[in-house]
Amino acid sequence: MEIPIPNSLSPSKVSSFTSCPLAFRLRSIDSLQEPRSPQALKGTLVHSALEGLFWSHPAGARSKDAARFELELAWSATVDDDDFKELGLSDESSSEFFFDAWALVQNYYLLEDPDAVHEIGVELGISIELSGTLLRGIIDRLDLDGDGNFVVVDYKTGRTPPQRFVGASLIGVHLYALMCEEILGRQPVEVRLLYLRDPVVLTTRPTAQSLRGHRRRTLAVWNAIERSCATGEFKPHRSPLCKACHFKPLCPEFGGTPPAPPPVT
Ligand code: SF4
């Protein structure tokens, strides 16, 4: 059975299809809603605070007090969020949630000095056409280093991945580097993942060869998605990710049956 082809790809969709084609289909083609986890909500809260720190405070005024102000501003939106309300947290747990987010924001200051950062874009929405495919995403921050080179920065609120998964964790930012090169005409000299929990910075320096590899890989994933849409076959792929998968009740690996896909229009 033919299934509608998604009209764009993003680094997170590439990773979603690679991890489990069935979960990708249910999420990105059937558009089934998934409740956001407490971790995802906390990640959004911390990202919003850091975004506000750079948007609303010039270099020289990005103190921890400024970050705390931005976190409290973002917190007032979080507590009104339906997904947050559905967590049903007690006052005490809600307070723990906030202070854990504050600990992550404070850890950020152990990784870099925001007053020394020369950002040229924050929460930067970008898109390129890659051999007929629209690839789009949002870069947390795009900086200029001391020599005027581009640096892509991504904040992470989860734990640093084990060594064997580090390469996979960098795929998304490599795609952002590829998109920057297409749009701005120059490849970033560095991509940096700021893991706020540990806190640790993972850094990689893209090369023309590595970006060519990521371009090829992305196109290969897109071709695989097209093939799956033509045949209707999106196989489940059992992995440790199944533990937190919202689609488990619909997954044949766990005795479920996926719904009929939406019709091709
Ligand atoms: S439970 Fe596992 S195999 Fe099934 S859809 Fe989710 S991630 Fe894929």
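**Helix packing, ligand shell and backbone details**

Glutamate 123 is partly exposed, having 14 other C-beta atoms within 10 Å; a residue counts as buried with 20 or more such neighbours, as exposed with 12 or fewer, and as partly exposed in between, with C-beta atoms placed from the backbone. Its place is in strand 1 (residues 119-130), where strands (E, at least two residues) and helices (H or I, at least four) are DSSP runs numbered from the N terminus. Although glutamate 123 is not a glycine, its phi is positive, at about 50°.

The model is a predicted one, in which local features need pLDDT of at least 70 and side-chain atom pairs count only at pLDDT 80 or more, while totals for chains, interfaces and linings use all residues. Residues are numbered from 1 along each chain as its sequence is written.

Serine 131, in the loop between strand 1 and strand 2 (133-144), also has a positive phi, near 50°. Serine 131 is exposed, with 10 other C-beta atoms within 10 Å. A cis peptide bond, with omega about -25°, joins aspartate 198 and proline 199. Proline 199 lies in the loop between strand 4 (190-195) and strand 5 (200-204).

Turning to the helices, a packed pair is described by the angle between the two axes and the distance between them. The axes of helix 3 (residues 38-56) and helix 6 (residues 91-111) come within 10 Å and cross at roughly 45°; axes are lines fitted to C-alpha atoms over the stretch in contact, and angles run from 0 to 180 degrees between N-to-C directions. That makes helix 3 oblique to helix 6, as angles under 35 degrees count as roughly parallel, over 145 as roughly antiparallel, 65 to 115 as roughly perpendicular and the rest as oblique. On the helix 3 side, Lys42, Leu45, Val46, Ala49 and Leu50 meet Phe97, Asp100, Ala101, Leu104, Val105 and Tyr108 of helix 6, contact meaning C-beta atoms, placed from the backbone, within 7 Å. By class, this contact of helix 3 with helix 6 has nine nonpolar, no polar and two charged residues; Ala, Val, Leu, Ile, Met, Phe, Trp, Tyr, Cys and Pro count as nonpolar, Asp, Glu, Lys and Arg as charged, and the others, Gly among them, as polar.

Finally, 14 residues surround the ligand, the closest being Cys20, Pro236, Cys242, Cys245 and Cys251; a residue is near a molecule if its C-beta atom, placed from the backbone, lies within 6 Å of it. This shell has ten nonpolar, one polar and three charged residues.

Terms used. Two residues are in contact if their C-beta atoms, placed from the backbone, lie within 7 Å.
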